[in-house]
Amino acid sequence: HYQRLREDLESLRIQISALDGDPEAKARMSELLADFEEHLEGAEGAPQSPSTAAASSSSLKQRLDDAIGGFEVEHPILTRVLNNIMNTLSGMGI
């Protein structure tokens, strides 16, 4: 699952770079991408306590849900990549 998530995050990075006409969206998505990468590194590295990991995952999933809702109409490809990430996280139990 981690390899799939890394591939999805790379696709997200590419889609974010294409948001040149929307600096606010680009900033929000860049921040979300950084959070995903940080979360992924934490998940692959040192173990977290279950409560810390759950709180972090919950926050990340909520932000992902918000981003999907905000980009659905204007950025369909970006939304598809975000949905792929959400499905991968779900498959990982996150």
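Q: In what order do the elements of the protein chain run from the N terminus on?
A: Keep in mind that we're looking at a predicted model here. The chain has 4 helices and 0 strands. Reading from the N terminus, that gives α-α-α-α.

Q: Is F71 buried or exposed?
A: Buried means a relative accessible area under 20%. F71 comes in at 3%, so by that cut-off it counts as buried.

Q: How far apart in space are F71 and A25, C-alpha to C-alpha?
A: Along the sequence, 46 residues separate the two. F71 still touches A25, as well as others including R28 and M29. From C-alpha to C-alpha, the distance is 8.5 Å.

Q: Where is T79 placed, and is it buried or exposed?
A: T79 sits in helix α4, residues 76-91. Its relative accessibility is 5%, and the cut-off for buried is under 20%. That makes T79 buried.

Q: Which residues is T79 in contact with, leaving aside neighbours within four places in sequence?
A: Seen from T79, the list is I68, F71 and E72.

Q: What percentage of the 94 residues in the protein chain is buried?
A: F71 and T79 are both buried. Across the protein chain, the buried share is 31%.

Technical notes:
Residues numbered from 1 in each chain as written. Predicted model: local features only at pLDDT ≥ 70, side-chain atom pairs only at ≥ 80, totals over all residues. Heavy atoms only, no water. Helix = DSSP H or I, 4+ residues; strand = E, 2+ residues; numbered from the N terminus. Buried < 20%, exposed > 50% of the residue type's maximum accessible area, 1.4 Å probe, protein only. Contact = heavy atoms within 4.5 Å.
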